[in-house]
Amino acid sequence: MKRDGKVSMRLSFIAPRKKHFFSMFTKIWLIFIALVIVLLSIFNVFVLFKTLEYKSSVVNLESQRKSLASTIEETDKKIRFIVRQKAIAEEIYANNIILKDSMKNLFDLVPDQITLNKVLMKKYSLIIYGVTPTKDTFNSLLAAPLKSIFHTSKTVFYLTQDGWYNFVSTNKIISPDKLEEQ
Amino acid sequence: MDKSMEKIDSVKFLIYLLVFILITLFMVLFLIVPTIKDYRSSMGVYKTVLVQKLSVESLLKEKKKELLDLRTENKRVIASFMHTFTTKNFIAYAGTFFNAVSLVEVEKKGYKDEFREYQLRVSSQLKSPTKFYDFLEGLNRYENIVQADFPIHMESNSSIIKSSFTIKVYDLNATR
């Protein structure tokens, strides 16, 4: 096939195929891989975001719990204070009523024949000054009940000009502290 | 035209498939699984903390209710402790039972941390001891917390009884 001393190219019957760097199959394969990577990454970011959300919620809840706990402590303090106030008030009210009753009992104890001039009441002692027609009247009507109430009871009589007796009755209760010591 | 789709080599296809599966598996194992683990543990911590917070919240609610109930129940006692004691008001109150009331401050002392205790000596005159009983009973309804205390001194003088006794006043304001 030499013509004019030159090698002539024979033309091909088919058009030359365009050569691709990647074949179609490889391209589809790469697209699948890329798609999986992208989808899994999106999913991963989504889960990471949710995790962060939980973590920040935990911090938030913890601080809320702490502030609630301190409010509980304050409320407890207020409750304890009111309970104490109530207990003290009840004790005081009871003491007032006890005092009233003991005063009433003392005056009810005194018979009509005996007149009291002076009463000195302390926590653990009672001193009574008064006038009695006879020593026996005092001893039987007032001294006996006084002796049953107090631990020690002593009476001194002074004869008056009109034949009656002035008396000073000193009665004592041993305080609970001393009783415990004994 | 690319004929690669028409003539797929089965060995090549298997290799490609294997590589694809390996990449997917790698991503799942080394990316998704640790993230999910972290997510699940965070969710666990969140649930625990939420339960704790809710229980503390309900406890606070109970405590607040208890406080409110106590305040309502002891309204008068709380008000009495808060009320500032004035000798003028007390003399006016005592005047309804006694004649010629006078008050002398004996001492001021601390009492159980928060409360301040005053001791006052009351000197008065009364016609019959029953007035004294009424006074003691009425003391429990007075605007302040007041306790009548020993020593009590009573002396009859013609038609009247001279009396003197101590009162202890508990004042919360005095400590502030």
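Which residue in strand 4 of chain B does B:H153 stand opposite? B:H153 stands opposite B:S164.

## Model and confidence

This is a predicted model, in which local features need pLDDT of at least 70, side-chain atom pairs count only at pLDDT 80 or more, and totals for chains, interfaces and linings use all residues. Residues are numbered from 1 along each chain as its sequence is written, while chains are lettered from A and ligands numbered from 1 in the order in which they are written.

The model scores are ipTM 0.79 and pTM 0.74. For chain A the mean pLDDT (the predictor's confidence in each residue, from 0 to 100) is 86, with 88% of its residues at 70 or more. Chain B has an average of 85, and 88% of its residues score at least 70. Within chain A, strand 1 (residues 2-3) has the lowest confidence, a mean of 46, and helix 1 the highest, at 93. Where pLDDT is low, the predicted coordinates should not be read in detail.

## Layout of chain A

Chain A contains three helices and six strands; here helices (H or I, at least four residues) and strands (E, at least two) are DSSP runs, numbered from the N terminus. Their order along the sequence is β-β-α-β-β-α-β-β-α.

Of the 182 residues in chain A, 11% are buried. A residue is buried if 20 or more other C-beta atoms lie within 10 Å of its own, exposed if 12 or fewer, and partly exposed in between, with C-beta atoms placed from the backbone. Among contacts in chain A with a separation of 6 or more, 39% are between residues 24 or more positions apart; two residues are in contact if their C-beta atoms, placed from the backbone, lie within 7 Å.

## Helix 2 of chain A

Helix 2 of chain A covers residues 135-149, and its 15 residues should span 21 Å at 1.5 Å a residue; the end C-alpha atoms are 20 Å apart, which agrees. The expected span is 1.5 Å times one less than the number of residues. A kink of about 45° lies at A:A143, shortly before the proline A:P145. The bend at a residue is the angle between axes fitted to the seven residues ending there and the seven starting there.

A:F138, A:L142 and A:A143 are buried in this helix. The buried residues of helix 2 pack against helix 1 (24-109), strand 4 (125-132), strand 5 (152-159) and strand 6 (165-172) of chain A.

## Strand 3 of chain B

In chain B, strand 3 (residues 145-157) and strand 4 (residues 160-171) run antiparallel and are joined by ten bridges. Two strands pair if DSSP finds at least two bridges between them. Two residues lie between the strands of this hairpin, where B:S158 takes a positive phi near 50°. A cis peptide bond, with omega about -5°, joins B:F150 and B:P151, and B:P151 is found in strand 3 of chain B. Most residues other than glycine have a negative phi, and most peptide bonds are trans.

Strand 3 of chain B also pairs with strand 3 (residues 115-121) of chain A, in the antiparallel sense over four bridges. Here A:M121 has B:I152 as its bridge partner.

## Contacts between the chains

In total, 54 residues of chain A are in contact with 57 residues of chain B. On the side of chain A that touches chain B, helix 1 gives the most, with 44 residues. The residues of that side divide into 30 nonpolar, twelve polar and twelve charged. Ala, Val, Leu, Ile, Met, Phe, Trp, Tyr, Cys and Pro count as nonpolar, Asp, Glu, Lys and Arg as charged, and the others, Gly among them, as polar.
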